[in-house]
Amino acid sequence: LSKCLDAQGRYTESWQAATTAHRETAKPFAIDLLIAALKMTAEISTSELRKIRRASASIPRTACILGMPRSGTSVLEQMLDSHSQIVGRGESGLPGEIGDAIAKQGGGWPVGVLNVTVDALNQLQALYRGSLRTAVNIPDDIWTIDKTVFPQMQPLVIACVLPHTKVIRIVRDARDNAVSLFLNNLAPSWGWTASLNSISKLLKAERQYVPIICEKLKLDVISLEFEALVAAPEATLRPVLDHLGLPWEAACLRPDLNPRIVQTLSNEQVRRPLNANGIGRWQNYEDQFDASWGALT
């Protein structure tokens, strides 16, 4: 209903419909605990960093897209999957499951990375590679892209289990990101999407801590903005392919022609040519945002 009202330009009614839906379906979410774990990871000392267990070997031709939900991860993945030497594997869910396994063996998150055994990390890496590559017969010379949309945990998982994995981080205007999160029907268990206050908290934490975590863990990261990808797709995407050591292919500019099925809320958007329809959308709901959001854009 909210989506239909938004399409008709009935923005006040659209926001109210989403507010009602959240009130009736949202479940509690321990957002403060998540942010505390993220902050703890970002503030880890150099001496503690040396104690983090890591898998014995690197995992070749594997990349992860890190981005908040509704930040442009799906269209970026679809563009990269259009390259002849890349296969997009969607949201595998494995990084989250691996994080849970590390926490279970190591006594919690994020401290589990100090206590988990190297053998366990090697087994988790084999599980990851087997599920994302071997099980679907992806050749060794082809890259796989894993789109992870809950990046608060994944950088540490990547460092421990998937050493030397290439990371592509995408960000979007915080207000546009927030509108898309609030107005869409995400899983009710994602209670943090039920209010702009909690969305703001997590967006702020992601932007403050994830770059620090990636730098401290020495992850091989390239960052881009969704707005730049839309405005200048070739100039924005070429460095990403360089990051993977791959040549440019013009097919990447037409994700709408990619026959691959996208099983996310963005499945309709990726069927259209690149467009700026979602950029500045927050202005339709300007009265919902206070001045504090300006620092997040």
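Which residues in α5 are buried? They are T73, S74, V75, L76, E77, Q78, M79, L80 and D81. Helix α5 spans residues 73–81 and is mostly covered, with nine of its nine residues buried. Buried means under 20% relative accessible area, exposed over 50%, and partly exposed in between, with a 1.4 Å probe and protein chains only. Helices (H or I, at least four residues) and strands (E, at least two) are DSSP runs, numbered from the N terminus.

This is a predicted model, in which local features need pLDDT of at least 70 and side-chain atom pairs count only at pLDDT 80 or more, while totals for chains, interfaces and linings use all residues. Residues are numbered from 1 along each chain as its sequence is written, and side-chain values use heavy atoms, leaving out hydrogens and water.

P255 lies in the segment after α13 (233–244). Its relative accessibility is 1%, so P255 counts as buried. The C-alpha atoms of P255 and Q78 are separated by 5.5 Å, although the two residues are 177 apart along the chain.

**The sheet**

Five strands form an open sheet in the order β2-β3-β1-β4-β5, with parallel pairing. Two strands pair if DSSP finds at least two bridges between them. β2 (86–88) and β5 (220–225) stand at the edges; each has a single partner strand, so one side of each lacks a neighbour in the sheet. From one strand to the next, the twist averages 25°. Two of the pairings are set out here.

| Pair | Sense | Bridges | A residue pair |
|---|---|---|---|
| β1 (residues 62–66) and β3 (residues 143–148) | parallel | five | L66 and T148 |
| β2 and β3 | parallel | three | V87 and T144 |

α13 packs on the sheet and touches β1, β2, β3, β4 (166–171) and β5. The direction of α13 makes about 170° with that of β5. Axes are lines fitted to C-alpha atoms, for helices over the stretch in contact, and angles run from 0 to 180 degrees between N-to-C directions. Contact means heavy atoms within 4.5 Å.

β3 is mostly covered: six of its six residues are buried. W143, I145 and K147 are on one side, T144, D146 and T148 on the other, and both faces are covered. In a regular strand the side chains alternate between the two faces of the sheet.

**The cores**

A nonpolar core is a set of buried Ala, Val, Leu, Ile, Met, Phe, Trp, Tyr and Cys residues joined through side-chain atoms within 4.5 Å. The largest has 57 residues, and I199 and W293 touch the most other members. Elements that give two or more residues to this core include α2 (11–25), α10 (174–183) and α11 (196–216). α11 gives the most, with nine residues. Leaving aside neighbours within four places in sequence, W293 is in contact with A174, R175, A178, L196, I199, S200 and L203. A second, separate core of 22 residues includes L80, I222, L229 and L246.

**α2 against α10**

α2 and α10 pack at an angle of about 60°, their axes 9 Å apart. That makes α2 oblique to α10. Angles under 35 degrees count as roughly parallel, over 145 as roughly antiparallel, 65 to 115 as roughly perpendicular and the rest as oblique. S14, W15, A18, T19 and H22 in α2 meet V179, F182 and L183 in α10. The contact residues divide into five nonpolar, three polar and no charged.

Note on methods: Nonpolar A, V, L, I, M, F, W, Y, C, P; charged D, E, K, R; others polar.
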